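User: I am new to this structure and would like to learn how to read its features. Please take me through them in order.

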Amino acid sequence: MKALVYNGPRDVSVEEVPDPKIEQPTDVLVEITTTNICGSDLHMYEGRTNMEKGRVLGHENLGRVFEVGAAVNQLKTGDWVCLPFNVACGFCKNCERGLTGFCLTANPGSAGAAYGFADMGPYGGGQAEFLRVPFADFNCLKLPEDAQEKQNDYVMLSDIFPTGYHATELAEVKPGESVVIYGAGPVGLMAAYSCVLKGASKIIVVDRHPDRLKLAAEIGAIAVDDSKDSPVEQVLHFTNGEGADKGCECVGYQAHDPSGSEQPNLTLNNLVQSVRPTGVLGVVGVFVPEDPHSPDKLGKKGMIAFDMGQFWFKGQKMATGQANVKAYNRQLRDLIHADKAQPSFLISHELDLDEAPTAYEHFDARDDGWTKVVLKPSR
């Protein structure tokens, strides 16, 4: 089959690789029809992880069941399914509590597994024609009869829509509240969109890329350009000097200031200053235990200089971590099916798999207009 292979920093190529096979009776093989390039893929693409050469990338995947293992009960050939980026067993202590992003079985010795991702287990990625899905009855989200026509919406259930929603859950966003979101990449935009769905009264999105800020404004958010003035001062202005009720961090450890200098603590400390006393922060931007290639001394050790004094003095709370996709994907699926949510609004490019290397270059460079790339391995 054809697949996108990681060869080293900023070097990916579409190559012929061995087809995946049923390895356990609980597996299925899925023919991938839609797969996305995620901002998290860029951490590996840029060489900021321990990703092994030769691995297939891609953890945002949707397609049709192609082959079914002997112990699979809930799926049949031809079913349309979306795959959570979390690979989870369904029966460990964390999975039983709904914490599928921290499965204790799928990646022995670590909490959490994913497709095509560094340090997240041996699982191949889905930027390919076929994907092996373990624990398939548990991991596959079956899609309704409009799956084929709405697959650009449904594929967002694999990661960014639930992850954006997860940010708002971590921040405990309630109807009528004001929310500030740092980062207008795909996850930040999905967090803003989730705030719209939840009935937030005021949504402020901070970024500096005009195309992304434009999308934020189109869904009803206040777009704040942090390259023009202090983002904290702008947020305080829009909240009558009080700060937002809740805040979401959707950037992570590769945050940059407007001059282009990397500052891994920038958005998190700005968030502390932008949220009112006793407010709640939800952090889904990726922070890693170690980052050997970081230009920051603390960052190399997976640490940041966090404004703990201000955070403590304001009596704020913070919750963090990757999304447990299965906690949200069914209800979000049903919103799409009922035409109450259309997360595909952020897609800028729909390309063949062969065009993936060029797409990675543009997406990594944050070129204007490259907000979200969808790849089509099988049409």
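Analyst: Let us begin with exposure: buried means under 20% relative accessible area, exposed over 50%, and partly exposed in between (1.4 Å probe, protein chains only). At 44% relative accessibility, Lys 317 therefore counts as partly exposed. This is a predicted model, in which local features need pLDDT of at least 70 and side-chain atom pairs count only at pLDDT 80 or more, while totals for chains, interfaces and linings use all residues. Residues are numbered from 1 along each chain as its sequence is written, and side-chain values use heavy atoms, with hydrogens and water left out.

User: With which residue does Lys 317 form a salt bridge?

Analyst: A salt bridge is a side-chain nitrogen of Lys or Arg within 4 Å of a carboxyl oxygen of Asp or Glu. Here the partner of Lys 317 is Glu 172, and their closest N and O atoms are 3.3 Å apart. The pair links distant parts of the chain, 145 residues apart: Glu 172 is in the loop between helix 5 and strand 8, and Lys 317 is in strand 13 (residues 317–320). Helices (H or I, at least four residues) and strands (E, at least two) are DSSP runs, numbered from the N terminus. Glu 172 is partly exposed, with a relative accessible area of 31%.

User: How many salt bridges are there by this rule?

Analyst: The count comes to 23. One of them joins Glu 52 and Arg 55 at 3.0 Å, N to O; Glu 52 is partly exposed at 41% relative accessibility, whereas Arg 55 is buried at 12%. In another, Asp 334 meets Arg 333, with the closest N and O atoms 3.1 Å apart. Salt bridges also link Arg 10, Glu 46, Asp 364 and Arg 366 in a network.

User: How should I read a helix, and is helix 6 largely enclosed or exposed?

Analyst: The expected span of a helix is 1.5 Å times one less than its number of residues. For the 13 residues of helix 6 (residues 186–198) this gives 18 Å, which agrees with the 18 Å between its end C-alpha atoms. Of these 13 residues, 11 are buried, so helix 6 is largely enclosed by the rest of the structure. Among the buried residues are Pro 186, Leu 189, Tyr 193 and Lys 198. Contact means heavy atoms within 4.5 Å. The buried residues of helix 6 pack against several elements, including strand 9 (202–207) and helix 13 (356–364). Gly 199, whose phi is positive, near 85°, follows helix 6.

User: Which residues touch the most other members of the largest nonpolar core?

Analyst: In soluble globular proteins, nonpolar side chains tend to be buried together. A nonpolar core is a set of buried Ala, Val, Leu, Ile, Met, Phe, Trp, Tyr and Cys residues joined through side-chain atoms within 4.5 Å. The largest one has 43 residues, and those touching the most other members are Leu 143, Leu 157, Phe 161, Ile 181, Ile 203, Val 205 and Cys 250. Helix 6 gives the most to this core, with 7 residues. Leaving aside neighbours within four places in sequence, Ile 203 is in contact with residues including Ala 192, Cys 195 and Val 196.

User: Is Phe 313 buried or exposed?

Analyst: Phe 313 is exposed, with a relative accessible area of 68%, and is found in helix 11 (residues 308–313).
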